[in-house]
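Student: I'd like to go through this model residue by residue. Can we start with the terms and then get to the side chains?

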Amino acid sequence: MRSEIPTVPWKEVLKKRKQILKNPLPFHKEYFKIYGDTFRVNLGNRNNWVFTRNPETIKYILQTNQRNYHKSTLQTKDLAKYVGHGLLTSNGASWRTHRRMIQPAFHKKKLVGLLEIMLKAVRSELKNMKFDKEYNIFPMLGDLAFQVVAQSLFSADDIRESMQRLKHITMSNQKMLIKEMRLPYLKWWFRLNGNIGKHLKMGQEARAILDTLLERRLASKVKKEDLLDMLLTARYEDGTPMSRKQLLDEVLILFVAGHETTANALGFTLLLLAGHPEYQEKLFDEVKNVDLAEDDLMAQLERLTFTKQCIEEAMRLYPPAYFFDRVSQTDDVVNGMSYKKGTVWLMSIYELHRHEGFCKNPGDFMPERFDAKNRKNVSDHYFPFGAGPRMCIGNNFAMYEMIMTVAILLKEYKITSSLKTIELNPLITLKPLAVPLKIQTR
């Protein structure tokens with residue numbers, strides 16, 4: 001059994017700290033190329049950070065032996081102090097209890113009732129598009145994804161101002177968290193200069209906004225069959241509902257996790273389609289014959305198989321959840337190598353999806369990878385929503401929203417872009433730096 005693993009020296013990390021703060025992806029790529037699919041990063045006394053892009057290792061950690069691997073304090077402590085302790089930021093028994101409780105709200109049969117709400121929100125936001133002049137559409141995609149979550153939760157028409165403030169808070173707190181994560185040796189300064197305290201107060205403001213909306217719903221005693229109603233009627237095994245605090249935690253996390261990844265994936269998908277007019281026309285040939293105004297909206301969305309392939313391929317090239325982290329709870333043997341309890345694993349989904357050993361022409365946009373006959377060649381090393389029991393609970397919700405948005409947009413319009421190379425902005429999730437598009441009526 002092997003006991004040693006290639007290690008990046010601490011001095012290399014220190015030398016490249018500014019680059020890592022701005023964009024860690026080149027650092028990852030460089031050392032995967034030098035050391036192979038798994039390597040350790042020496043962080044002084046904390047010499048137990050391991051990076052991997054090995055699909056078998058990732059499946060083992062996320063699926064096969066997932067009970068031995070918990071989310072790190074980056075999420076359960078650092079992120080949780082801003083958004084609370086919900087599905088995204090909890091571990092163990094607490095996570096399992098709430099996952100079982102909330103999961104039914106995201107089953108496909110439950111989503112049928114939300115599709116009309118989603119459709120209305122998407123159409124409303126797309127009215128804000130500008131035409132015949134190239135501009136950065138990414139802020140509009142962020143508003144669209146945020147409003148879809150907001151309407152799916154609260155199904156109310158008078159919450160835009162509150163939601164814009166909530167969005168500002170979540171984005172601002174994320175930027176603060178990125179500084180804490182990438183500059184951990186400066187946490188003491190962030191506390192001393194009041195930055196952390198300022199953002200904690202903003203987090204409290206976000207909860208107050210949601211609490212006001214929750215109180216309004218409870219006072220109205222009106223059933224709306226939206227996500228909030230589903231959460232309000234969810235019960236523990238003993239028949240009791242979630243506490244108000246827990247409900248607010250889950251709702252806030254749905255906003256944080258539910259809008260940003262979708263906006264990112266939509267941005268990358270549209271940029272790739274703008275740069276590949278042949279695929280854009282093939283997608284148009286599919287969507288032009290589909291009427292989303294028909295009664296069975298889900299059946300119409302299910303017909304859009306090539307549209308879905310384009311989104312899946314965009315998420316292969318640019319996975320919004322571009323890495324996952326886990327911490328081992330006991331000593332373990334992973335892929336023939338021994339690792340101690342407390343080892344922090346950083347699994348690079350971005351590097352895995354672009355691995356030349358698993359994917360032909362990995363840097364090319366080829367939606368046909370995901371058609372029925374080719375999908376099996378991709379599925380064993382494709383994890384845009386994670387894997388195992390902790391796979392993203394909203395994956396179906398997000399996919400229907402994205403298919404709907406792309407179909408509505410490209411049925412009526414052509415998109416082009418002068419952008420030659422997609423620039424990345426890797427924060428908590430992987431973002432495009434901008435999505436410059438020119439939208440023209442067909």
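Tutor: Buried means under 20% relative accessible area, exposed means over 50%, and partly exposed is in between, with a 1.4 Å probe and protein chains only. This is a predicted model, where local features need pLDDT of at least 70, side-chain atom pairs count only at pLDDT 80 or more, and totals for chains, interfaces and linings use all residues. Residues are numbered from 1 along each chain as its sequence is written, and side-chain values use heavy atoms, with hydrogens and water left out.

Student: Is Asp229 buried or exposed?

Tutor: Asp229 forms a salt bridge with Arg217, with the closest N and O atoms 3.1 Å apart. The pair links distant parts of the chain, 12 residues apart, with Arg217 in helix H11 and Asp229 in helix H12. Helices here are DSSP runs (H or I, at least four residues), strands are runs of E (at least two), and both are numbered from the N terminus. The relative accessible area of Asp229 is 7%, so Asp229 is buried.

Student: How many residues apart in sequence are the parts tied together by Arg442 and Glu281?

Tutor: These two form a salt bridge, the closest N and O atoms being 3.2 Å apart. Arg442 is partly exposed at 32% relative accessibility, and Glu281 is partly exposed at 31%. Arg442 lies in the segment after strand E13 (436-441) and Glu281 in helix H14, so the parts tied together are apart in sequence by 161 residues.

Student: Which residues make the nonpolar surface patch of about 390 Å²?

Tutor: Patches are made of residues with over 30% relative accessible area and no salt bridge; like charges are joined within 9 Å, and nonpolar side chains (Val, Leu, Ile, Met, Phe, Trp, Tyr) within 5 Å. One member lies in helix H10 (residues 187-192) and counts as partly exposed at 40% relative accessibility. That member is Trp189, and the patch is made by Trp188, Trp189 and Leu192.

Student: Which residues gather in the patch of negative charge on the surface?

Tutor: For charge, Asp and Glu count as negative and Lys and Arg as positive, while His and the chain ends are not counted. One of the members, Glu294, is in the loop between helix H14 (277-287) and helix H15 (297-302), and Glu294 is partly exposed with a relative accessible area of 38%. The patch gathers Glu116, Asp291, Glu294, Asp295 and Asp296.

Student: What phi does Asp132 have?

Tutor: Most residues other than glycine have a negative phi. Asp132 is in the loop between helix H7 (108-126) and strand E5 (135-136), and counts as exposed at 52% relative accessibility. Although Asp132 is not a glycine, its phi is positive, at about 65°.

Student: What about the phi of Glu225?

Tutor: Glu225 is found in the loop between helix H11 (195-220) and helix H12 (227-233). At 53% relative accessibility, Glu225 counts as exposed. Glu225 is not a glycine, yet its phi is positive, at about 60°.

Student: Which residues is Lys22 in contact with, leaving aside its neighbours within four places in sequence?

Tutor: Lys22 is in helix H2 (residues 17-22) and is exposed, with a relative accessible area of 70%. Contact means heavy atoms within 4.5 Å. With those neighbours left aside, Lys22 is in contact with Arg182 and Pro426.

Definitions and conventions. Areas by Shrake-Rupley, 256 points an atom, 1.4 Å probe, with all protein chains shown as cover. Salt bridge = Lys/Arg side-chain N within 4 Å of Asp/Glu carboxyl O. Charge placed at Lys NZ, Arg CZ, Asp CG, Glu CD.
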